[in-house]
Amino acid sequence: MSITGGEIARRDGEHVEVQTQPLRLRWSLSDLIALDGHPLTCTFTCSVRAVDRPADRTMLAEAFLAGRDVVEPGDVVNHFKPALTSAASRLAGTKPADGWLNAASERTMAEALRTDAAPVAFACGIELLAPFEVQLTSASVERQRMEAMERGLAQRRAEWQAEHFQRAAELLRNFENMQSASPGVSVGRVLDAVSAADRGPMLQMLLAASASAGAASSAALWAVGGWGLARIDPMQSKVIVESMDRPTEVGPPRSLRAEVVNGETVWVIGCRTGVLVVRAKDRKVVAAMRDEGLPSSMGFSRAVVRNGEVIGCHSEAGIVRWRADRPDSPTATWRPLPGEQPRNLCALDESRLAYSSRLSVVVLDNGQRTTLPPESSCNIVSLLLSERDLFVVHADGEVVRKDRATLQTHERSRHCGPVSTAALLPWVGGARLLLATLEGPVCCVGVDDSVVTQYVSPLRGLKALATTNGLVAGISADRQRVVLWNSWDGRAPIAEVNVAARTRHHVADIAFAPPATVNA
């Protein structure tokens, strides 16, 4: 039988046939210890060929064909490996690992291996042929280099941030001086007064100035779902499920809101059949408000605290009010009128509530309902309150700005296409409007200026937004993940956290905790 291209030699009876074409072979020599204790890995490559002379064929047969008829490349690799490993180990210990990781040292190692392999090759009828190549690596040295690089980048990033915030703080002081000189002029109007080319950078600086330098590292983002409460660490992309007593007393959570009651921060959690009021510092349930009047698989999509009362909004149960000292049954209910789907509850003042129902805003004033005329052919997705305004955000992207006191329409605008949700982002002297588009980006729109920026990510159609000074967060359309941005830089998220992978439940809602409860 003739020898094949992948064989070194073959015995055919008393005759030994050899491959005359060189074959390229590789040896991996690991756990070589350098002078400084770092392990090295050496990859040695060269060509081999059986010597086609009678004496050499005899030595090859004695070395390889005592119990077989074929010499394969692996047989040659195994035959040479002890000698190569011994030579490489001896030489590796002559200098530190860092001294081996260069081309000149690799050539030195290649020459040493060739020299030590020559007697073995002569004794077994094998010829080693150029090119002789060596590649030396050290995982521990590479790890040290990477750690040093990361430390250097972190230091440069910290220096840049310090300089960035210093410039931002200086710009903020200048703006405050301008506002003091002209009390009636808003920051947005001043921003609109500068050149168009400078508005974007100036907005970024003002957003950075309105946040603290450590906002991203100190902010506490919380989420609710089928498990209860979970805390999200945006810097480490960690999710910590926090225990909460009586977590299923009124069914699984649907919504989350932070309120301050009697100077103490509480979580107001809308659930399937009621509302939980949970003390933020220790997650103890202060009250569990129940409404058993209308069994539903849905839940309270929003709940607020006002004048010692808890008021919840449910698309099927309507508007339900409890007294904090009488949580077992509502003190008043306003069940939905025919065709109503109450959502987006908010407190306009001490006596008036507002909620959305499909196309319209409904005002509840001392128990009396007034439905305002529709101003769009698309459903309302959000009602947002600022100090003076009520923003009505419709699904097609149209925003209607109303006076909070009179509910008269001041302005109608459209800055993007269809939206899934909206929020207000606090900044210098007011807020900016965030619109989560179905196409992907979250548009950041000035209330008193014409500047529009974006927060960009691969996610589309975010289900909910949460904001604080310095951070913007959103829930992905599949309710599996939470994405976060620095408020002053929307070019890319700073984190994307797979919450569902940790909790095994979808994310129903998110909210930032006030600073006093960050370490609770």
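The model is predicted. The protein has nine helices and 34 strands. Its radius of gyration is 36 Å, whereas a compact globule of 520 residues would have one near 24 Å.

**Overall form**

- Along the principal axes, the C-alpha atoms fill a box of roughly 110 × 60 × 45 Å.
- Of the 520 residues, 48% are buried.
- The protein exposes about 24300 Å², and carbon and sulfur atoms supply 49% of that area.
- Take the contacts between residues at least 6 apart in sequence: 51% of them join residues at least 24 apart.

**Salt bridges**

- The structure holds 34 salt bridges.
- One of them pairs Asp116 with Arg90, with the closest N and O atoms 2.8 Å apart. Asp116 sits in helix α4 (residues 103–123) and Arg90 in helix α2 (residues 73–92), so this bridge ties together parts 26 residues apart in sequence. Asp116 is partly exposed, at 29% relative accessible area.
- Arg231 bridges to Glu242, with the closest N and O atoms 3.0 Å apart. This pair links strand β8 (residues 228–233), which holds Arg231, to strand β9 (residues 238–242), which holds Glu242; the two residues are eleven apart. Arg231 is partly exposed, with a relative accessible area of 24%. Glu242 has 12% relative accessibility, so it counts as buried, the cut-off being under 20%.
- Asp389 and Arg401 meet in a salt bridge of 3.0 Å, N to O. Asp389 belongs to strand β23 (residues 389–394) and Arg401 to strand β24 (residues 398–403), so the bridge ties together parts twelve residues apart in sequence. Both Asp389 and Arg401 are buried.

- Tyr455 and Trp485 form a tilted pair, 5.8 Å centre to centre, with 55° between the planes. Tyr455 lies in strand β29 (residues 452–455) and Trp485 in strand β32 (residues 481–486), so the pair ties together parts 30 residues apart in sequence. Tyr455 and Trp485 are both buried.
- Trp27, Phe44, Phe80 and Phe132 make up one aromatic cluster.

**Surface patch**

- Met146, Met149 and Leu153 form a nonpolar patch on the surface, with about 290 Å² of accessible area together.
- Met149 is part of helix α5 (residues 139–181). Met149 counts as partly exposed because its relative accessibility is 47%.

Key
Residues are numbered from 1 along each chain as its sequence is written. This is a predicted model: local features need pLDDT of at least 70, side-chain atom pairs count only at pLDDT 80 or more; totals for chains, interfaces and linings use all residues. Side-chain values use heavy atoms; hydrogens and water are left out. Patches are made of residues with over 30% relative accessible area and no salt bridge: like charges are joined within 9 Å, nonpolar side chains (Val, Leu, Ile, Met, Phe, Trp, Tyr) within 5 Å. Accessible areas come from the Shrake-Rupley method with a 1.4 Å probe; for residues, only the protein chains shown count as cover. A salt bridge is a side-chain nitrogen of Lys or Arg within 4 Å of a carboxyl oxygen of Asp or Glu. Helices (H or I, at least four residues) and strands (E, at least two) are DSSP runs, numbered from the N terminus. Buried means under 20% relative accessible area, exposed over 50%, partly exposed in between (1.4 Å probe, protein chains only). The radius of gyration is taken over C-alpha atoms; the globule rule is 2.2 Å times the number of residues to the power 0.38. Contact means heavy atoms within 4.5 Å. Rings of Phe, Tyr and Trp (its six-membered ring) pair if their centres lie within 6.5 Å; planes under 30 degrees apart count as stacked, over 60 as edge-to-face and the rest as tilted.
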